[in-house]
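This briefing reviews selected features of a protein structure for computational work. The sequence and the structure are shown first, and the points are then grouped by topic.

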Amino acid sequence: MEPVAVPRNCPFDYAEALEFDPLLKHLMTEEPVSRIRLPHGDGEAWLVTGYDDVRTVTTDRRFSRSAVIGRNFPRMTPEPIVQDEAINVMDPPGSSRLRSLVSKGFAPRHMERMRVRTQHVVDELLDRMEEHGSPADLTEHLADPLPLATICEVLNIPEADRARLRSHARTMMDTGIDNRSNAVQAKADLRAYFEKLTADRRENPGEDLISVLATARDGDEILNDQELAVMAMVLLITGQDTTTYQIGNIAYALLTRPEELAMLRSDPSKLPQAIEELLRFIPFRKGVGIPRVATEDVELSGVKIRAGDIVHVSYLTANRDGRKFDRPDVLDLERTGPSHMTFGWGGHHCLGAPLATTELQVALGTLLERFPDLKLAKPADEVRWNKTSIWRYPLALPVTW
């Protein structure tokens with residue numbers, strides 16, 4: 001008889017600066033495939049933590065994202081963030097068709113235009129920070145406004161609508177149990193907004209990413225109206241806050257490590273490689289995202305997962321797997337080796353990764369160049385961190401120069 005895995009309650013609410021969650025650390029070393037209970041949703045799930053096992057779950061057709069639709073799956077937030085029609089819960093070949101169409105919006109010629117636009121926004125924001133004078137809050141002056149301004153520029157969302165859309169997106173990310181009705185309403189409002197906006201762009205396409213997606217063709221294939229509306233919504237949600245938080249996290253990581261900061265200042269060409277290592281190292285989210293369902297029995301690291309079981313993966317632990325990364329808990333800005341999994345893996349690797357990477361490179365490169373003696377304005381242990389979201393990030397990052 002097989003041993004029964006005892007489920008472990010996993011709030012995944014650890015938020016001590018950029019320290020790694022001790023519970024996740026324990027699971028990855030002691031129970032690499034474990035049974036867990038999460039704060040919301042019904043029943044239990046498996047949590048898969050090793051790099052190779054995570055790669056299997058995210059690429060093997062025996063694990064289905066679309067099978068979670070209609071299930072009250074174990075999760076971090078009171079209301080699922082994902083929409084039933086979103087690419088995030090599609091399996092191949094449906095997701096492959098959609099990804100192929102959407103990737104046309106991130107083609108090199110469009111990306112070059114986005115880089116130019118991002119540089120313009122960064123320059124304006126840092127001009128304002130300089131005018132404000134030292135000390136200033138880097139979150140308020142750069143991390144907060146940049147990704148929203150950039151994704152709204154890229155999607156051509158009117159200035160007057162931006163704050164409201166951002167508020168809806170933030171409401172959907174909150175983990176508080178009393179937030180459920182607000183999250184449901186925010187999701188419905190965002191959906192209605194993008195259904196109208198995308199219909200308008202179909203009629204009158206411009207140069208923006210929604211127009212590119214509305215007119216993108218792969219043979220006879222195009223995105224239908226629902227797919228286009230949901231895709232635009234996904235791009236807005238994932239294209240703003242996550243990059244905001246990573247700008248804050250990366251700036252904090254560098255400003256609390258003088259040697260690494262000095263190395264990048266002396267050789268800015270190392271920044272792209274350094275950002276990849278920072279993305280690997282920083283424990284960006286607190287727990288897990290959208291799970292998959294095993295469609296047949298599968299064995300992972302000696303543990304049998306049954307058909308119908310819900311399976312979560314941890315990209316955080318995969319990024320710290322000592323079998324893949326030498327000294328995994330050390331930030332080494334000159335590291336080369338396997339790719340990190342911060343943007344996901346396989347068929348659900350983040351489609352907006354090129355834009356996020358561009359924003360991080362432009363924002364941090366320009367910041368270091370323009371403020372050569374930038375430093376934290378208060379001791380690192382006095383920086384306040386978010387406690388209520390699924391994401392880790394500093395609420396404010398006061399700096400001087």
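The model is predicted. Strand 9 is covered on both faces, the structure holds 7 aromatic pairs, and a search of the whole structure finds 2 cavities of 30 Å³ or more.

- Strands of a sheet pair through backbone hydrogen bonds, and the pairing is either parallel or antiparallel.
- Strand 3 (residues 45–48) pairs with strand 9 in the parallel sense, over 3 bridges.
- Within strand 9, Val-311 is the residue that Trp-46 stands opposite.
- Strand 6 (residues 292–294) runs antiparallel to strand 9 and is joined to strand 9 by 2 bridges.
- Val-293 stands opposite Ile-310 of strand 9.

- Another topic is an open sheet of 3 strands, which has the order 5-11-10 and antiparallel pairing.
- Strand 5 (136–137) and strand 10 are the edge strands, since each pairs on one side only.
- Strand 5 and strand 11 run antiparallel and are joined by 2 bridges.
- Ala-136 has Val-399 in strand 11 as its bridge partner.

**Aromatic pairs**

- A pair of aromatic rings is described by the distance of the centres and the angle of the planes.
- The structure holds 7 aromatic pairs; one of them joins Tyr-51 and Trp-345 edge-to-face, at 6.0 Å centre to centre with 65° between the planes.
- Tyr-51 belongs to helix 2 (residues 51–59) and Trp-345 to the loop between helix 13 (315–318) and helix 14 (353–370), so this pair ties together parts that are 294 residues apart in sequence.
- Both Tyr-51 and Trp-345 are buried.
- The ring centres of Tyr-252 and Trp-385 are 4.9 Å apart and the planes stand at 90°, so this pair is edge-to-face.
- Tyr-252 is in helix 10 (residues 225–255) and Trp-385 is in the loop between strand 10 (375–376) and strand 11 (398–400), so the pair ties together parts that are 133 residues apart in sequence.
- Tyr-252 and Trp-385 are likewise buried.
- Tyr-51, Phe-325 and Trp-345 are linked by ring pairs into a cluster.

**Arginines over ring faces**

- Arg-285 lies over the face of Trp-391, 4.8 Å from the ring centre.
- Arg-320 lies over the face of Phe-281, 4.5 Å from the ring centre.

**Helix 6**

- In helix 6 (145–155), 9 of the 11 residues are buried, so the helix is largely enclosed by the rest of the structure.
- The buried residues of helix 6 are Leu-146, Pro-147, Leu-148, Ala-149, Thr-150, Ile-151, Cys-152, Val-154 and Leu-155.
- Asn-156, which follows helix 6, has a positive phi near 55°.

**Second largest pocket**

- The second largest pocket holds about 260 Å³ of space.
- This pocket is lined by 13 residues, and the closest to its centre are Val-121, Leu-125, Arg-128, Pro-145 and Ala-149.
- Helix 4 (108–132), helix 5 (138–143), helix 6 and helix 7 (159–173) each supply at least two residues of the lining of this pocket.
- The most is given by helix 4, with 5 residues of the lining of the second largest pocket.
- The lining of the second largest pocket comprises 5 nonpolar, 1 polar and 7 charged residues.

**Second largest cavity**

- Rolling a probe the size of a water molecule over the atoms shows where empty space is left.
- The search of the whole structure finds 2 cavities of 30 Å³ or more, and the second largest cavity contains about 40 Å³ of space.
- The lining of the second largest cavity is formed by Ala-251, Leu-254, Leu-255, Leu-364, Leu-367, Leu-368 and Leu-374.
- Helix 10 and helix 14 each supply at least two residues of this cavity lining.
- By class, the lining of the second largest cavity has 7 nonpolar residues, no polar residues and no charged residues.

Methods. Residues are numbered from 1 along each chain as its sequence is written. This is a predicted model: local features need pLDDT of at least 70, side-chain atom pairs count only at pLDDT 80 or more; totals for chains, interfaces and linings use all residues. Side-chain values use heavy atoms; hydrogens and water are left out. Buried means under 20% relative accessible area, exposed over 50%, partly exposed in between (1.4 Å probe, protein chains only). Helices (H or I, at least four residues) and strands (E, at least two) are DSSP runs, numbered from the N terminus. Two strands pair if DSSP finds at least two bridges between them. Rings of Phe, Tyr and Trp (its six-membered ring) pair if their centres lie within 6.5 Å; planes under 30 degrees apart count as stacked, over 60 as edge-to-face and the rest as tilted. A charge sits over a ring if NZ of Lys or CZ of Arg is within 6 Å of the ring centre and within 35 degrees of the ring normal. On a 1 Å grid over the protein atoms alone, a cavity is a set of points where a 1.4 Å probe fits but cannot get out, and a pocket is an open set with protein on both sides within 12 Å along at least five of seven lines; lining residues have an atom within 4 Å of a point. Grid points are joined across faces, edges and corners, and a volume is the space filled by probe spheres set on the points. Ala, Val, Leu, Ile, Met, Phe, Trp, Tyr, Cys and Pro count as nonpolar, Asp, Glu, Lys and Arg as charged, and the others, Gly among them, as polar.
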